[in-house]
Amino acid sequence: MKISTHLNLAEVTRSDAAKRHGIDNTPTAEHLENFKLLAEKVFEPIRLHFKTPIFISSGYRSQALNAFIKGSATSQHCKGQAIDIDMDGSNAGVTNKMVFDFIKDRLEFDQLIWEFGTDTNPDWVHVSYSKTGNRKQKLKAVRSGGKTSYINIP
Ligand SMILES: [Zn+2]
């Protein structure tokens, strides 16, 4: 099932943990609508700009899956409002930093996170979009002493 021109539902619900443990990761109708909006406002513009497949490492997490992996209950992944993009496996010359910068400079978004990595490239990019208002918050996730903290990026 397509949720936008270049995005299939399977790409945003795919989860190794769900598969391995037989957990249902089907989005609710409301969450599916959120995903369609995210695909239209964020995913498709990225896909069209770079003209190459954009890899989603994490998309939807149902309540059951989120409880199983002990994820944050307030995560926008649980509402169909967030995707993680990871271009490390791409040979098209598109880096995670390029995707991050494109979103930051050109798109509307709620939260954009430079996830770990180095100063020159994040390990992956988290981006969310909310139909009820977008904060355009830019953050960098860092680990110290086994804890994750988020630093505001101007
Ligand atoms: Zn994420």
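This passage describes the fold of one protein chain, from its overall build down to a few single residues.

The structure is a predicted model, in which local features need pLDDT of at least 70 and side-chain atom pairs count only at pLDDT 80 or more, while totals for chains, interfaces and linings use all residues. Residues are numbered from 1 along each chain as its sequence is written.

The chain has five helices and eight strands. Both kinds of element are DSSP runs numbered from the N terminus, with helices being H or I runs of at least four residues and strands being E runs of at least two. Read from the N terminus, the order is β-β-α-α-α-β-α-β-α-β-β-β-β.

The overall dimensions come next. The C-alpha trace spans about 40 × 40 × 35 Å along its principal axes. The radius of gyration of the chain is 15 Å, which agrees with the value near 15 Å for a compact globule of 154 residues. This radius is taken over C-alpha atoms, and the globule rule is 2.2 Å times the number of residues to the power 0.38. Of the 154 residues, 30% count as buried. Here a residue is buried if 20 or more other C-beta atoms lie within 10 Å of its own, exposed if 12 or fewer, and partly exposed in between, with C-beta atoms placed from the backbone. Among contacts with a separation of 6 or more, 64% join residues 24 or more positions apart. Two residues are in contact if their C-beta atoms, placed from the backbone, lie within 7 Å.

The axes of helix α3 (residues 29–50) and helix α5 (residues 96–106) come within 11 Å and cross at roughly 120 degrees. That angle makes α3 oblique to α5. Axes are lines fitted to C-alpha atoms, for helices over the stretch in contact, and angles run from 0 to 180 degrees between N-to-C directions. Angles under 35 degrees count as roughly parallel, over 145 as roughly antiparallel, 65 to 115 as roughly perpendicular, and the rest as oblique. On the α3 side the contact is made by Val 42, Ile 46 and His 49, and on the α5 side by Val 99, Phe 102 and Ile 103. These residues divide into five nonpolar, one polar and no charged. In this grouping Ala, Val, Leu, Ile, Met, Phe, Trp, Tyr, Cys and Pro are nonpolar, Asp, Glu, Lys and Arg are charged, and the others, Gly among them, are polar. Helix α5 also holds Arg 106, which counts as exposed with 10 C-beta neighbours inside 10 Å. The C-alpha atoms of Arg 106 and His 49 are separated by 10 Å, although the two residues are 57 apart along the chain.

Glu 115 lies in strand β5 and is buried, with 20 other C-beta atoms within 10 Å. Leaving aside residues up to four places away in sequence, Glu 115 touches Pro 122, Asp 123, Trp 124, Val 125, His 126 and Ala 141. Phe 116 sits in the loop between β5 (111–115) and β6 (124–128) and is partly exposed, with 13 other C-beta atoms within 10 Å. Its phi is near 50 degrees, a positive value in a residue other than glycine.

Lys 70, also not a glycine, has a positive phi of about 55 degrees. This residue is found in the loop between α4 (63–68) and β4 (82–85).
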